[in-house]
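Trainee: I would like to check the terms we use on a model. Can we take them one by one?

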Amino acid sequence: LIGHAHVSQPFLQPLGEDGERHGRISAALAASVHDGWISIEMKETTEWEAALRRAHAFTSAHYKDIDA
């Protein structure tokens, strides 16, 4: 049983790119016994509000098939 998953980019860069890799990860999670909790991990940035909005939109788009 997977309790939750952390979504991030290499070196904890702001999330919002590499949709192909995240698509494969999302498909694997959807096919597993994952319970639906997703945590976004990224380093602080000076434009944190915009980065957070992009990360939320990206995660919502790529992990939408995960049941919560």
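What follows sets values against definitions.

Mentor: This is a predicted model, where local features need pLDDT of at least 70, side-chain atom pairs count only at pLDDT 80 or more, and totals for chains, interfaces and linings use all residues. Residues are numbered from 1 along each chain as its sequence is written, and side-chain values use heavy atoms, with hydrogens and water left out.

Trainee: What makes up the secondary structure of the protein?

Mentor: The protein has 2 helices and 2 strands. From the N terminus the order is β-α-β-α. Helices (H or I, at least four residues) and strands (E, at least two) are DSSP runs, numbered from the N terminus.

Trainee: Why does the radius of gyration agree with a compact globule?

Mentor: The rule is 2.2 Å times the number of residues to the power 0.38, with the radius taken over C-alpha atoms. For 68 residues a compact globule would come near 11 Å; the protein has 12 Å, so the two agree. The C-alpha trace spans about 35 × 20 × 20 Å along its principal axes.

Trainee: Which residues form the largest nonpolar core?

Mentor: The 7 are Ala5, Val7, Leu15, Leu29, Ala55, Phe58 and Tyr63. Strand E1 (2-7) and helix H2 (48-62) each give two or more residues to this core. A nonpolar core is a set of buried Ala, Val, Leu, Ile, Met, Phe, Trp, Tyr and Cys residues joined through side-chain atoms within 4.5 Å. Buried means under 20% relative accessible area (1.4 Å probe, protein chains only). Buried residues make up 22% of the 68.

Trainee: What does Ala5 touch, leaving out residues up to four places away in sequence?

Mentor: Leu29, His34, Trp37, Ile38 and Ser39. Contact means heavy atoms within 4.5 Å.

Key. Buried means under 20% relative accessible area, exposed over 50%, partly exposed in between (1.4 Å probe, protein chains only).
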